[in-house]
Every structure is written in structure tokens, then in C-alpha cells.
Amino acid sequence: MASRCKTTQRQAMAPRKDHSRGRLCYEDKPTAETAMTRTGETPVSRDPSEEIAMLPFPENNFLNLPDELSDPRTARFFILPAPYEGTVSYATGTGDGPSQIIAASEQVELFDDELKAEFFQCGVATLPPVPPADTPEEEMRRLAKAADPIIQAGKFLLTLGGEHSISYPLVKAAAQAHGEISVLQIDAHADLRDVYKDSRHSHACIMRRVLEITPRIAQVGIRNFSKEEFEACPQQVANFITPRVIRSDPKWIERTLSLLGEKVYITVDIDGLDPSEAPGTGTPEPGGLRWLELCDLLRRVFAERQVVSADIVEVRPLPPSNQTEFLAARLAYKLIAYAQLR
Ligand SMILES: [Mn+2]
């Protein structure tokens, strides 16, 4: 599958080295509030770039880049693997998503066919995976701890799930760092339930939780929602950019943009795409977005808004096929490419 040309190119890059530098523990690392000066008296904020400089090089990085192009000290983009599937309600397996997307990324062509350029030279660092927690609350805490220093240092964080509930602490971290933000959701499902299976942090509640952070959301690809969501969130339902809207309104991208503010967080549930394009997901819904429609939308959003961070969730590998994780790896590199157009 990998082209000979690309293999030669990657082999020509300097060999990777020093995989032991730094230690990172999402469970018990001191927080900014507990970091102390040398006198041990006055709490000070940690410098996020100092925290980043301590990050280790994982053995497998996104795009299989050499050290100088995946160095956390110089990278502009950061990939955070979040293999959490604690509240999954149907088919399980999204916990394998991040590692399989990273494995598939080795086969992604570094030259973008649409934009006619390469987009990895600014540096793409891969963070160690966030160990899945036993409770949603602990998972949220670990994700916030992993995301905060990256986002506060002004880097672009791209998180790979895992189930959709991981987006909440990431949107929150982005809002804390950037102020007023809006959220673009690509998804088959509205995810506007207040509580699902006794949890407010279920994957089925993620956009309801996001509404508590920002009222500005654009929901694209939605084709499955409940009576409860229809009745509780009429404004959001009225604004859905459904696949029927996409196929009937040539101005669907402008409609989507009009729902967004200047700063945007993007969350892509892979089931927003049609199952023929992305079959590997827990709840595939017929009648979804096509790859090219998604690319057209994302390119315009990156060109006309400031996208501050993003995630790709709900990839559920279906071996022996690698179709969905390869698509997700292509999508992740597309986001990195589009982010450099502005
Ligand atoms: Mn979904």
C-alpha cells in the first residue's frame, strides 16, 4: 500500500533516537496549583513549554516521523491518543482506535493531492496515550491534565478517541485557553441527551454537556436523535445540517459557518460519514456524509475561522479491514494541512 517513493522519503530522514527522555504520568503529576518555588512557599504556575519539554518520544508516532519532526519541544501539532470506551452502549472496540489510527498513519502519503504540498515540516508530536480510567470523572480529569499544557502553550491539539465523551474536557480546556469558542460537530447522532444510562458523561450526552460551555454549536450529518432530544433542544434540532440539507441546499457550508463564532473546536465522530466510507464504528447509520463533502466543509471552516483544537472519535477497527482507521489517519493529516492554509 505504501508507495515506494514515500518509503524512500521517510527512510531518508534522520533515524529516530532517545526514547527514554522525560517521564509523564497523567495520574499523579503535580498540577500548576501545587508546583512550588524553590523556597517551597509560594505556588507558581508551571510554564507549559517546560512541561512540554519533559514529554517523552513514544515508540510509534503519528505519520512515523523522525525525531526532529516529532519533537515536542518544537512541534506545532500534537496528537493525543485517548483509548477510552467506558460508557460505550452498543458495539465495543473504540479503545483500539487511537493505536490503529497511528499504525495506519504510516501509510498516509505525506504529499497532499488536493493542496499539492507537504504539511509535516512544522512538526507533529505524538503524546503518550492517556490510560483509560475506571470512572468518567477520573477520565475527564486525566484528559484535562494531558491537554492543558499543550493548549495553554498555543499548540494545536488533535485528540484521537476513543468514545465521544472524551470531547468534554477538551472543549473545556480550549474554552479556558481561548475564551469564547464555538463547536463544529460532525456526527450521525445529536448526542443531546441530558443523561444516558445513569451517566451525564455518556457519549450520548456529549453535545448537551458542550452546550453548558458554549451555546454556539453547529451539528452536521445528524440523522439519528430521540424524542427527548427533539423536545428538549428545539433550537439545535432546527439548525441541524442533516445529510438531506447537504444534498438539497447548495449553501449548506455557509449555513454551517453562520452557526459558528470566530474560534472553533472541531469534533468529528467518524459515524458522521457514510458507513460505506467508514464502516468501523459502534453505531453505523446509513445515509451519511461523503469524504469529499467533509473535506470541502473542513477546508472552508479552517480558511474562514480560527480552529483552535480538534478530535476524531468513535473509530472501531474491524480487522482484517483497515478502511476506517486509514480514513481517520487521512482525516487527521487533512486537519493538520488545512490548519496551515490560514
Ligand atoms: Mn455518533
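## Contacts and overall make-up

Among the contacts in the protein chain with a separation of 6 or more, 76% are accounted for by residues 24 or more positions apart. Two residues are in contact if their C-beta atoms, placed from the backbone, lie within 7 Å. This is a predicted model: local features need pLDDT of at least 70, side-chain atom pairs count only at pLDDT 80 or more, and totals for chains, interfaces and linings use all residues. Residues are numbered from 1 along each chain as its sequence is written.

The protein chain has 12 helices and nine strands. Helices (H or I, at least four residues) and strands (E, at least two) are DSSP runs, numbered from the N terminus. Of the 342 residues of the chain, 48% count as buried. A residue is buried if 20 or more other C-beta atoms lie within 10 Å of its own, exposed if 12 or fewer, and partly exposed in between, with C-beta atoms placed from the backbone.

## The sheet

Seven strands form an open sheet with parallel pairing, in the order E4-E1-E5-E9-E8-E6-E7. Strand E4 (124-126) and strand E7 (217-220) stand at the edges; each has a single partner strand, so one side of each is left without a neighbour in the sheet. On average, neighbouring strands of this sheet are turned by 20° against each other, direction ignored. Two strands pair if DSSP finds at least two bridges between them. Strands of a sheet pair through backbone hydrogen bonds, either parallel or antiparallel.

Phe78 stands opposite Ala125 in E4.

Strand E9 (306-313) has seven of its eight residues buried, so it is largely enclosed by the rest of the structure. Four bridges join E5 to E9 in parallel, and Leu157 stands opposite Ser309 in E9. E8 is joined to E9 by seven bridges, also running parallel. Here Val268 has Ile312 in E9 as its bridge partner.

Strand E6 (residues 182-186) is mostly covered, with five of its five residues buried. Ser182, Leu184 and Ile186 point one way from E6, while Val183 and Gln185 point the other way. E6 pairs with E8 in the parallel sense over five bridges, and Val183 stands opposite Tyr265 in E8. E6 also pairs with E7 in the parallel sense, over four bridges. In that pairing Gln185 stands opposite Gln219 in E7.

## Helices across the sheet

Helix H3 (residues 97-105) lies across E1, E4 and strand E5 (156-161), running at about 115° to E5. Helix H12 (residues 323-338) lies across E1, E4, E5, E8 and E9, and runs at about 175° to E9. Axes are lines fitted to C-alpha atoms, for helices over the stretch in contact, and angles run from 0 to 180 degrees between N-to-C directions.

The axes of H3 and H12 come within 8 Å and cross at roughly 75°. That makes H3 roughly perpendicular to H12; angles under 35 degrees count as roughly parallel, over 145 as roughly antiparallel, 65 to 115 as roughly perpendicular and the rest as oblique. Gln100, Ile101, Ala104 and Ser105 in H3 meet Glu325, Phe326, Ala328, Ala329 and Ala332 in H12. The residues of this contact divide into six nonpolar, two polar and one charged. Ala, Val, Leu, Ile, Met, Phe, Trp, Tyr, Cys and Pro count as nonpolar, Asp, Glu, Lys and Arg as charged, and the others, Gly among them, as polar.

## Helices H11 and H12

The axes of H11 and H12 come within 9 Å and cross at roughly 30°. H11 and H12 are therefore roughly parallel to each other. Their crossing is right-handed, meaning that the near helix is turned clockwise from the far one by less than a right angle. The contact is made by Cys295, Leu298, Arg299 and Phe302 of H11 and by Lys334, Leu335 and Tyr338 of H12. Five of the contact residues are nonpolar, none polar and two charged.

## Gly287

Gly287 is placed in the loop between strand E8 (263-269) and helix H11 (291-304). Gly287 is partly exposed, because 14 other C-beta atoms lie within 10 Å. Leaving aside neighbours within four places in sequence, Gly287 is in contact with Arg223, Pro243 and Asp274. Pro275 is 12 residues from Gly287 along the chain, and their C-alpha atoms are separated by 7.9 Å.
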